[in-house]
Amino acid sequence: MQVASGSGFVLDKQGHIVTNDHVVEGADKVQVTFLDGTMANATVVGQDPNSDLAVIKVEVDASKLQPVELGDSAALVVGQQVFAIGNPFGQLWTMTSGIVSAVGRTIQSGTSSYSIPEVVQTDASINPGNSGGPLVDSQGRVIGVNAQIESQGGSSSGVGFSIPVNIVKRVAPALIKDGKYSYSWLALRAPA
């Protein structure tokens, strides 16, 4: 049996949790552990490999659910302090700090052939297990979903990337409602 871990954050009092698509892709069973140690089985509500986002849902008492406040990733500035929250290398409840080192980056989705635009680059440590966890500003508002690290030597040191929360605001409601996000595509071909 293969086991993988990742992170996520509570979106609402109905038990919806946002994480990365690559965290739950192909999972037979998803289990969530809350800060107080409560464990709950979750179901995958929807996945979007193009944005590398997924929504899962737990059935727990609403008192266990503390929804996050979503910020505005379009308002980020280089140099702004941020914090990455997650479970790197299985080390539960970890927070690292850094700054927004660039905005407007484009990265390849981990599970799709498409690119994710307007990505937030940070020097806050993002390692295996941080995927799906929130990148928050100094007021605790989620401004991104930790997704990838780019490293030259294959180590976990490098540049971290987070999917901007403004994409989450568009994609997550569709995943909750329809289980998928529908894109408008335009195909162009140059004349021969």
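A pocket here is an open set of points on a 1 Å grid over the protein atoms alone, with protein on both sides within 12 Å along at least five of seven lines, and its lining residues have an atom within 4 Å of a point. This is a predicted model, in which local features need pLDDT of at least 70 and side-chain atom pairs count only at pLDDT 80 or more, while totals for chains, interfaces and linings use all residues. Residues are numbered from 1 along each chain as its sequence is written, and side-chain values use heavy atoms, without hydrogens or water.

**The pocket**
- Lining the second largest pocket are 13 residues, with N50, S115, I116, P117 and Y183 nearest its centre.
- That lining divides into 8 nonpolar, 4 polar and 1 charged residues (Ala, Val, Leu, Ile, Met, Phe, Trp, Tyr, Cys and Pro count as nonpolar, Asp, Glu, Lys and Arg as charged, the others, Gly among them, as polar).
- β8 and α2 each give the lining at least two residues (helices, H or I of at least four residues, and strands, E of at least two, are DSSP runs numbered from the N terminus).

**The barrel**
- In the order β6-β7-β8-β11-β10-β9, 6 strands close into a barrel with antiparallel pairing (two strands pair if DSSP finds at least two bridges between them).
- Antiparallel strands β6 (residues 81-86) and β7 (residues 94-108) are joined by 6 bridges, and G86 has T94 as its bridge partner in β7.
- β6 also pairs with β9 (residues 134-137) over 3 bridges, in the antiparallel sense; here V82 partners D137.
- Another 6 bridges join β10 (residues 142-150) to β11 (residues 159-164), where E150 stands opposite V159.

Conventions
1 Å grid on protein atoms, 1.4 Å probe; cavity = no way out; pocket = protein on both sides within 12 Å on 5 of 7 lines; lining within 4 Å.
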